[in-house]
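Subject: Structure handover

Hello,

Here is the structure for you to look at. My notes on what was found in it follow below.

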Amino acid sequence: MVIRGGRPLSGRVEVSGAKNAVLPAIVASLLIDEPLTIGNVPDLRDVETQLALVEALGKAISRDGDTLVITGEASRAEAPEEVVSRMRASFLCLGPLLARFGEAHVPLPGGCVIGARPVDLHLEGLRRLGAEVEVCEGVVHARGRLHGGEVWLRYPSVGATEQLLLAGAVIPEPVEVVNPAREPEVMDLARLLSAMGAEISFSEDRITIQGGKLRGTGHHVIPDRIEAGTYLLAGAITGGEVEVAGARPEHLTALLVKLEECGVGIAVEGRTICLKARVPWSGVEVETAPYPGFPTDLQPQFTSFLALARGRSVIWERVFESRFGHVGELLRMGARITLQGQAILIEGVEGLRGAEVVATDIRAGAALVLAGLAAHGETRINGLDHLRRGYENIEGKLAQLGAEVWVEELNVT
Ligand code: UD1
């Protein structure tokens, strides 16, 4: 992707459906034989990967615009390695396959390289529900009839909570998940499973799932809060004025509060967030945390924004231990950032300059796009595949806001 930076962005952009909500919803289709209809599905590489997974497991898919219909019966308990190695969210098929077949064989997941990202909480949770689990040559083999029980998560992992919700939805006794994740995408999965017939309730410290025989249903995916946040930051970092439409502002409170603390003007009108930048903006301290804390998936993009703030900023990354793939590339564009353990210290600079850089994961790529939009000169971002995994039509949406951006396909011979 090539960006000629320095133009303030202005105008309106529409948010797509949430990547991290649609991926577990697709896996939920494995729990039923009746059709599952999912609306507001974004056109993303990760969605293709998840669909390839459920197809390989026996389901059939038809698509009409942004609506998917998944039909047929799951017929295999072994997930193909070439799919699971591409994306971590595909590991969520473990619980549903085990619950349906009494056994499941799923390779350990791949995905973005942002820390160790083990799956011990997923496996411990399923063990507590009666599974025998062993890992052999990179493949997880799980067997047994699942039963109800109480699972305590030492950390409110999004993936582990979703894994247990999916499995619990077909277990005929209550499953209690103590210290669950409460991200909007987790809630969206709970809403879908409830519509399929599971009884799910939330209290202060736990989720209780009473599963049973599920039925087909229709589901409309929530808007992508991370995509919305990325476009808000694109407006802010270029000194522009943007409207992000079709969002759920209440899912973005932590970001909106921090932007206001930096001096940026924010107004919410229903499902539209209006942002008016203020130049210069001030530096702040921010710490990533599970929802409703500041999302780790906006940390790289916020780093780019703070690289141009007045004064000093600190970001503490508390969710992943090494999510700093963007920092080295931002340095090459003129940012002044030092890494200190889990913290990034940022000395704001007057300007960034375009450079040739490499996206190492989805959100690091988005951080480089933001830096490129604000930089003087031309920025060439290699590793576009990462952006395609998580951002629908990113160059089109940015161009709509007035950015000078285009994509050059490399002809490798
Ligand atoms: C999901 C999101 C990802 C987001 C993350 C945190 C999807 C598809 N991805 O990822 O975009 O950045 O939530 O909001 O929804 N952990 C363990 N053991 C486990 C599981 C996790 O130690 O079994 C640790 C991880 O290493 C990490 C932390 O828990 O340090 C958070 O991970 P988790 O919440 O599980 O994130 P994901 O579900 O992988």
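Strand S18 (residues 312-316) and strand S20 (residues 343-347) run antiparallel and are joined by 5 bridges. Please keep in mind while reading that this is a predicted model.

**Strands 6 to 8**

S8 is joined to two strands that are described here in turn. Strand S6 (residues 103-107) pairs with S8 over 5 bridges in the antiparallel sense, and Val106 of that pairing stands opposite Val140 in S8. S7 is likewise antiparallel to S8, with 5 bridges between them. In this second pairing, Val133 has Ala142 of S8 as its bridge partner.

Which residue in the turn of the S7 and S8 hairpin has a positive phi? It is Glu137, at about 45°, in a hairpin that has 2 residues between its strands. Glu137 takes this positive phi although it is not a glycine. The loop that holds Glu137 runs between strand S7 (132-136) and strand S8 (139-143).

**Cis peptide bonds**

The peptide bond from Val279 to Pro280 is cis, and its omega is near -5°. Pro280 sits in the loop that lies between strand S16 (272-276) and strand S17 (285-287).

The bond joining Tyr291 and Pro292 is a cis peptide bond too, with omega about 10°. Pro292 belongs to the loop between S17 and helix H10 (299-307).

**Domains and their interface**

The chain divides into domain 1 (2-16 + 223-406) and domain 2 (19-220). How many residues does each domain give to the contact? Domain 1 gives 23 residues and domain 2 gives 22 residues. Taken over C-alpha atoms, the centres of domain 1 and domain 2 are 30 Å apart.

The size of an interface is often stated as the accessible area that is lost when the parts come together. For domain 1 and domain 2, about 1,900 Å² is buried between them, and 52% of that area is on carbon and sulfur atoms.

As for polar links, 7 residue pairs are in polar contact between domain 1 and domain 2, counting pairs with both residues at pLDDT 80 or more. On the side of domain 1 that touches domain 2, the elements that give two or more residues are helix H12 (362-374) and helix H13 (384-390). H13 gives the most to this side of domain 1, with 4 residues. By residue class, the side of domain 1 that touches domain 2 is made up of 7 nonpolar, 4 polar and 12 charged residues.

**Salt bridges**

Side chains of opposite charge can pair when their charged atoms come close.

A search of the whole structure gives 27 salt bridges. Another pair to look at is Glu378 with Arg4, where the closest N and O atoms are 3.1 Å apart. Where in the chain do Glu378 and Arg4 lie? Glu378 is in strand S22 (residues 378-382) and Arg4 is in strand S1 (residues 2-4), so numbered that the pair links distant parts of the chain, 374 residues apart.

That is the list as it stands.

Regards

Definitions and conventions: Residues are numbered from 1 along each chain as its sequence is written. This is a predicted model: local features need pLDDT of at least 70, side-chain atom pairs count only at pLDDT 80 or more; totals for chains, interfaces and linings use all residues. Side-chain values use heavy atoms; hydrogens and water are left out. Domain bounds come from an automatic or database domain assignment. Contact means heavy atoms within 4.5 Å. Buried area is the accessible area (1.4 Å probe) that two parts lose on being put together, summed over both. A polar contact is a pair of N or O atoms within 3.5 Å; within protein, one must be able to donate a hydrogen and the other to accept it, and residues adjacent in sequence count only if both atoms are side-chain atoms. Ala, Val, Leu, Ile, Met, Phe, Trp, Tyr, Cys and Pro count as nonpolar, Asp, Glu, Lys and Arg as charged, and the others, Gly among them, as polar. Two strands pair if DSSP finds at least two bridges between them. A salt bridge is a side-chain nitrogen of Lys or Arg within 4 Å of a carboxyl oxygen of Asp or Glu.
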